[in-house]
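The exercises below concern the packing and the open spaces of one protein chain. Work through each task with the sequence and the structure at hand before reading its solution.

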Amino acid sequence: MVSGAAAPATSNPSARVRYLIRGLASEETREQSLDVLCKNRLAYDNLAVLLWHSFGIMGVLLKIITSAYRPLLSDGLTENAVTQVCNAIALFQCVASHPDTRIPFIRATMPVYLYPFLNTMSNERSYECLRITSLGVIGSLAKVEDPEVIEYLLSTQIFPSCLRCMEVGKTLSRTVSTFIIYRILLSEKGLKYCFVLAERYLSVSQCLGKLVENLGEDDAEHLPHLLKNIIGCYLRLSENERTRPQLLSYVPWKLLDHKYANIVRSDPEVLADLRQLVCNLRTSKSCTTHCNDEPPASSDSPGPSIP
């Protein structure tokens with residue numbers, strides 16, 4: 001029997017992780033084993049495979065996660081409960097990230113059990129912890145260029161959940177949720193999904209606009225990544241010539257402020273995307289000529305420009 005969190009002294013990492021996984025099956029050792037596995041999950045290369053194939057273990061993690069549903073509605077989550085749920089979700093992310101377990105994970109529709117945490121409307125600490133940890137799982141799936149993953153995310157209506165996180169979450173949640181939207185839009189299927197309904201396209205455009213307008217000093221740490229994701233989303237949306245005139249009214253000029261241009265200037269790829277976005281939004285015929293050049297800084301130039 002597993003006693004406490006400590007695994008027996010061994011130089012075999014595989015034996016240690018198996019021991020800890022067995023500890024999840026017992027209520028007496030579950031919390032400690034969960035904590036140790038979560039803290040050391042990056043050190044165990046085979047953790048995802050062992051978690052997925054260990055009898056009953058994914059069910060145990062799912063039980064921990066769903067145990068938060070009722071307290072979530074009544075605002076009765078304790079700090080200890082939040083920690084345990086976040087640890088279980090972190091192990092979900094481990095499984096979602098591994099190439100051998102990713103597809104079985106989504107085919108078992110495991111990610112949908114995290115959606116209730118994405119759909120909360122509070123940004124208090126406990127809710128935010130659950131939100132960002134859950135977004136980490138979806139982000140791990142979205143960054144993989146796999147059509148089946150994108151199709152799954154679209155079929156489970158991840159767009160509204162991410163847009164909600166962009167509106168009510170704190171900076172890190174906004175950054176990750178915008179990244180998920182961006183990664184989905186990079187696929188042709190994701191871009192088509194966005195344009196199928198006018199309301200869907202407008203929701204994404206308006207949400208991005210509000211995100212830019214609400215940028216503040218507290219966003220400094222994650223601002224470069226957040227701007228990269230916002231610019232990437234806008235650039236993909238601007239590739240649709242039919243809706244481009246509408247998009248122009250939703251892109252805040254604040255995004256083209258010198259302050260933000262200077263922040264992304266250190267990343268040539270993002271700066272190039274920002275310049276291309278400006279070119280796509282301009283109505284001047286001279287846009288094509290200047291797309292790959294330094295845009296003019298003159299206030300007389302047509303449309304916005306990046307200095």
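**Exercise 1.** Which residues line the second largest pocket?

*Solution.* The model is a predicted one, and in it the lining of the second largest pocket consists of Arg-41, Leu-42, Tyr-44, Asp-45, Leu-47, Ala-48, Ala-90, Gln-93, Cys-94, Ser-97 and His-98. Assigning these to elements, one finds that helix 3 (47-53) and helix 6 each give two or more residues, with helix 6 giving the most, namely 4.

**Exercise 2.** Locate the largest pocket relative to the domains, and describe its lining.

*Solution.* Begin with the lining, which is made up of 16 residues, those nearest the centre of the pocket being Thr-175, Val-176, Phe-179, His-225 and Asn-229. Two or more residues come from each of helix 9 (125-142), helix 12 (171-186) and helix 15 (223-238), and helix 12 provides the largest share, 6 residues. Because both domain 1 (14-196) and domain 2 (199-285) give residues to this lining, the largest pocket lies between them.

**Exercise 3.** Identify the residues that touch the most other members of the largest nonpolar core.

*Solution.* Within this core of 97 residues, they are Phe-92, Leu-153 and Phe-159. Helix 6 (residues 79-97) contributes the largest share of the core, 10 residues. Leaving aside residues up to four places away in sequence, Phe-159 touches Leu-154, Ile-181, Ile-184, Leu-185, Tyr-193, Cys-194 and Val-204.

Technical notes. Residues are numbered from 1 along each chain as its sequence is written. This is a predicted model: local features need pLDDT of at least 70, side-chain atom pairs count only at pLDDT 80 or more; totals for chains, interfaces and linings use all residues. Side-chain values use heavy atoms; hydrogens and water are left out. A nonpolar core is a set of buried Ala, Val, Leu, Ile, Met, Phe, Trp, Tyr and Cys residues joined through side-chain atoms within 4.5 Å. Buried means under 20% relative accessible area, exposed over 50%, partly exposed in between (1.4 Å probe, protein chains only). Contact means heavy atoms within 4.5 Å. On a 1 Å grid over the protein atoms alone, a cavity is a set of points where a 1.4 Å probe fits but cannot get out, and a pocket is an open set with protein on both sides within 12 Å along at least five of seven lines; lining residues have an atom within 4 Å of a point. Domain bounds come from an automatic or database domain assignment.
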